[in-house]
Amino acid sequence: MRTYQIAPSILSADFARLGDEVRVVIDAGADLIHFDVMDNHYVPNLTIGPLVCRALKPHVSVPIDVHLMVTPVDALVSEFAEAGAAVISFHPEASFHVDRTIGLIHQHGCKAGLAINPATPLDCLDHVLDKLDVVLIMSVNPGFAGQSFIDEALSKLTLVRARIDAMVARTGREIRLEVDGGVKVDNIGAIARAGADRFVAGSAIFGSGDYSKTIAAMRAEIARAQ
Ligand code: DX5
Ligand code: ZN
């Protein structure tokens with residue numbers, strides 16, 4: 001039985017009230033808190049770092065899912081692990097040594113994810129899928145909340161789902177298939193059908209008046225898609 005997880009991205013939360021925002025969205029049913037780190041170098045935007053992660057940690061009773069959109073990657077891995085991250089995902093283009101970065105994330109006791117941009121081919125998974133805990137399919141170009149879902153991500157999800165299922169059958173290790181960007185109530189069913197089991201949503205949740213209602217509507221759409 002596949003389990004499905006909703007990971008609200010705090011990029012669309014009220015940054016002046018982040019502690020309250022995460023507590024409310026967790027009460028509303030969030031399974032993880034997605035934490036978008038942008039460096040104005042790998043992506044054209046600048047957001048939050050390990051200090052904010054550390055400050056939020058006491059307010060967060062679910063795993064913190066850190067999405068690094070930064071280069072270089074490695075120095076930030078230990079900082080985020082110490083600041084309370086449970087999962088750390090990074091982009092293969094942003095690390096000179098992808099396998100080493102995955103090892104570093106594991107050494108720090110976190111789950112490791114590889115984030116795949118819309119134009120990045122899936123062959124970056126060829127020699128590392130057995131070591132990953134998460135494959136993160138970007139359904140927008142990284143950098144901003146509130147962009148439209150790129151439909152090609154659906155076929156990518158289907159391809160990665162088949163690869164993950166084959167790997168899990170061989171090794172028994174859990175690998176999550178996460179999707180990030182433009183996820184809404186009205187497309188989450190199709191995204192679930194394509195194979196995703198962890199859904200990042202920023203503007204759809206934090207831009208709605210009622211986080212509980214939105215998360216419940218997302219879960220209902222996922223259930224309907226079975
Ligand atoms: C984009 C970020 C996403 C973003 C999602 O670079 O990685 O996590 O915040 O926001 P929405 O759900 O609004 O597309
Ligand atoms: Zn993200």
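Reply: Two strands count as paired if DSSP finds at least two bridges between them. The model is predicted. In it, alanine 7 stands opposite valine 200 in strand E8.

Me: How do you know that E1 and E8 are paired?

Reply: Four bridges join E1 to strand E8 (residues 198-201). The criterion asks for at least two bridges, so E1 and E8 pair; the two strands run parallel.

Me: What makes E1 and E2 edge strands?

Reply: The open sheet has eight strands in the order E1-E8-E7-E6-E5-E4-E3-E2, with parallel pairing. Strand E1 (5-8) and E2 each pair on one side only. Neighbouring strands of the sheet are turned by 25° against each other on average, direction ignored.

Me: Why is the site of the zinc ion (ligand 2) called octahedral?

Reply: The zinc ion (ligand 2) has six donor atoms, with angles of 69 to 172° among them. Six donors count as octahedral if opposite donors are over 155 degrees apart and all others between 65 and 115. The site is therefore classed as octahedral. The coordinating residues are His34 (NE2), Asp36 (OD), His67 (ND1) and Asp180 (OD), at 2.0 to 2.3 Å. Aspartate 36 in strand E2 (residues 33-38) and aspartate 180 in strand E7 (residues 176-180) lie 144 residues apart, and the pair links distant parts of the chain.

Me: Why are aspartate 36 and aspartate 180 called buried?

Reply: Buried means under 20% relative accessible area. Aspartate 36 has 6%, so aspartate 36 is buried. Aspartate 180 has 8%, so aspartate 180 is buried as well.

Definitions and conventions. Residues are numbered from 1 along each chain as its sequence is written. Chains are lettered from A and ligands numbered from 1 in the order in which they are written. This is a predicted model: local features need pLDDT of at least 70, side-chain atom pairs count only at pLDDT 80 or more; totals for chains, interfaces and linings use all residues. Side-chain values use heavy atoms; hydrogens and water are left out. Donors are N, O and S atoms within 2.8 Å of the metal (3.2 Å for Na, K and Ca); water is not among the atoms, so sites may look incomplete. Four donors count as tetrahedral if all angles lie between 85 and 135 degrees; four count as square planar and six as octahedral if opposite donors are over 155 degrees apart and all others between 65 and 115; anything else is irregular. Buried means under 20% relative accessible area, exposed over 50%, partly exposed in between (1.4 Å probe, protein chains only). Axes are lines fitted to C-alpha atoms, for helices over the stretch in contact, and angles run from 0 to 180 degrees between N-to-C directions.
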